[in-house]
Each structure stands twice: as structure tokens, then as C-alpha cells.
Amino acid sequence: MLRLHLLLIFGVLAVISSVAMVAAATPEVLVEERAREVWGSQLPDNANVRIRLSGQRPDEAVMLSAFWMDRDTGRFLANAVTGEGHTKRIEGLALATLEVPVPARRLMPGEIISDADIRTVELPLYRVGAYTVTAPEKLVGMEVRRMLTQGHQVMTQSVISPRVILRGDRVSILYDDGRMVLTAPGRAMEDAHQGQEITVVNLVSNKTLRVQARAQGQVEVIR
């Protein structure tokens with residue numbers, strides 16, 4: 001019976017010890033979890049949180065028994081509980097950052113942005129504007145509308161979908177009503193991006209038509 005009790009006691013201690021080992025984490029990890037909870041939906045899903053502790057700090061803690069943070073500045077105070085049950089006050093700064101694409105060189109209006117033209121930098125979230133392009137895939141393949149400065153954020157209004165038709169281009173005019181398909185040569189009277197409506201001249205009938213740009217050199221009559 002005594003042996004059974006000892007086995008049970010040692011088994012319970014082993015479980016408690018293993019749980020404590022799993023639960024222990026650095027103060028930075030625990031603070032980041034609480035900071036994300038405080039910011040909530042204000043924090044983008046792809047944001048990073050950098051924790052900077054000042055003063056003395058425990059190497060590990062199992063929980064934060066109290067946590068206070070200024071949502072605007074990221075300054076925080078917390079009580080970290082160690083595995084031995086001791087409570088230590090920690091403080092510092094929680095900095096939310098976001099990786100954003102920026103030009104790797106100066107880009108001029110009319111240029112088409114390629115992968116090689118951009119790189120990513122990590123910026124404090126408060127410095128990222130509401131109209132900043134935050135995903136590289138939203139820049140690659142776009143046409144520069146306003147000059148882009150190397151290393152600076154790109155605003156959504158500074159890029160546009162590339163033009164597929166230029167004024168004066170020869171185009172193929174398509175008419176398709178589901179029963180009959182006709183094509184004719186034409187000439188564009190203005191620039192156009194994909195999906196944009198423009199005026200073209202039918203070179204066979206010499207009449208002007210309103211069409212929609214479909215692809216490079218291709219337009220379709222608007223019905």
C-alpha cells in the first residue's frame with residue numbers, strides 16, 4: 001500500500017513538473033500575447049509585435065498576474081510569476097510593426113513594377129498610412145502613376161493597372177452577341193486599362209464606337 005501511495009505521489013509530481021516546463025515561457029512571449037489581446041482588431045493579422053523590456057527581468061515566467069498597457073504608446077507594466085511562485089514587476093515597450101513593400105530604386109511614371117523593383121522593410125505600425133500598399137503582390141505588375149521614391153511607402157493612388165491600349169494603337173474590335181461573332185480593325189482614340197471604356201474608330205466603316213478594353217490590342221463593343 002505504501003509503495004502504491006509513493007508511486008501515485010511521484011506520478012503527480014512528475015505531471016506537475018512537466019506542465020510547469022511546458023507552461024514556462026520568456027516574459028516577451030507572455031507580454032506579446034497580452035498586448036495582442038489589448039490591441040484586438042486594431043492590430044492587422046500580419047503585424048509583428050516587438051517586445052523591449054527595461055530593467056531586471058526573470059528568464060522565464062509561467063503567467064502574468066497583472067498587465068497594464070497604453071494602447072497608443074505601447075508602454076506596459078506587468079507582474080510576471082515565475083515557476084517558483086515569485087512575482088516580479090517588469091516593464092517596457094510593445095512595438096507593433098508591419099512589413100511593407102517599398103521601391104528598391106526610383107520608379108518613374110509609366111514604368112511597370114517587377115519583383116526586382118521592390119523590397120520589404122519593417123515599419124512601426126503608427127507610421128504606416130491608411131492608403132499604404134502593404135502587400136508586394138499588389139505592386140508587382142502595376143503601372144507607376146506618380147514617381148515612387150526609393151525606400152518610401154507606396155500609396156494606392158500612386159499606382160494603377162497597366163494600360164493595355166495606347167492612343168493611336170491598332171486594335172481588333174470584337175462584336176459577340178452570343179449568336180454571331182464579328183471582328184474588325186480599328187484605331188484607339190485614347191489610352192485604356194483593362195476593363196476601361198474608350199472610343200475607337202472602325203477602320204472599315206470609319207465610324208466611332210464605344211468599346212471596352214479586354215487585353216493588349218483587343219477591345220469589345222459595348223452592347
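**Confidence**

I started with the confidence of this predicted model: the protein averages a pLDDT of 88, and 90% of the residues score at least 70. For my own reference, pLDDT is the predictor's confidence in each residue, running from 0 to 100. Next I looked up residues 4-20, where pLDDT stays under 50. For that stretch the model has one contact beyond four places in sequence, a contact being heavy atoms within 4.5 Å.

Two notes on the ground rules. Residues are numbered from 1 along each chain as its sequence is written, and side-chain values use heavy atoms, with hydrogens and water left out. Because the model is predicted, local features need pLDDT of at least 70 and side-chain atom pairs count only at pLDDT 80 or more, while totals for chains, interfaces and linings use all residues.

**Overall make-up**

I counted two helices and 14 strands in the protein. These are DSSP runs numbered from the N terminus, helices being H or I with at least four residues and strands being E with at least two.

How much of the protein is buried? Buried residues make up 33% of the 223 residues. Buried means under 20% relative accessible area, exposed means over 50%, and partly exposed lies in between, with a 1.4 Å probe and protein chains only. The accessible surface comes to about 14000 Å², and 53% of it belongs to carbon and sulfur atoms; the areas come from the Shrake-Rupley method with a 1.4 Å probe, and for residues only the protein chains shown count as cover. I also checked contacts between residues at least 6 apart in sequence: 49% of them join residues at least 24 apart.

**The barrel**

Here I was happy to find a closed barrel of five strands, running E9-E10-E12-E13-E14 with mixed pairing. Neighbouring strands of this sheet are turned by 50 degrees against each other on average, direction ignored. Axes are lines fitted to C-alpha atoms, for helices over the stretch in contact, and angles run from 0 to 180 degrees between N-to-C directions.

Which way do E13 and E14 run? Strand E13 (residues 208-215) and strand E14 (residues 218-221) run antiparallel, joined by four bridges; two strands pair if DSSP finds at least two bridges between them. I noted one of the partners: alanine 215 bridges to glutamine 218 in E14.

**Salt bridges**

How many salt bridges does the structure hold? I find 12, each a side-chain nitrogen of Lys or Arg within 4 Å of a carboxyl oxygen of Asp or Glu.

Aspartate 191 and arginine 163 meet in one of them at 3.0 Å, N to O. This pair links distant parts of the chain, 28 residues apart: aspartate 191 is in the loop between strand E10 (181-188) and strand E11 (192-193), and arginine 163 is in strand E8 (residues 163-165).

In another, the closest N and O atoms of glutamate 197 and arginine 210 are 3.9 Å apart. Glutamate 197 lies in strand E12 (residues 197-202) and arginine 210 in strand E13, so the pair ties together parts that are 13 residues apart in sequence. Salt bridges that share partners also join Arg105, Glu111 and Asp117 into one network. Within it, glutamate 111 and arginine 105 meet at 2.8 Å, N to O.

**Asparagine 79**

Last, is asparagine 79 buried or exposed? Asparagine 79, found in strand E3 (residues 75-81), is buried, with a relative accessible area of 14%. Not counting residues up to four places away in sequence, asparagine 79 touches Met63, Leu64, Ser65, Ala66, Trp68, Thr87, Lys88 and Arg89.
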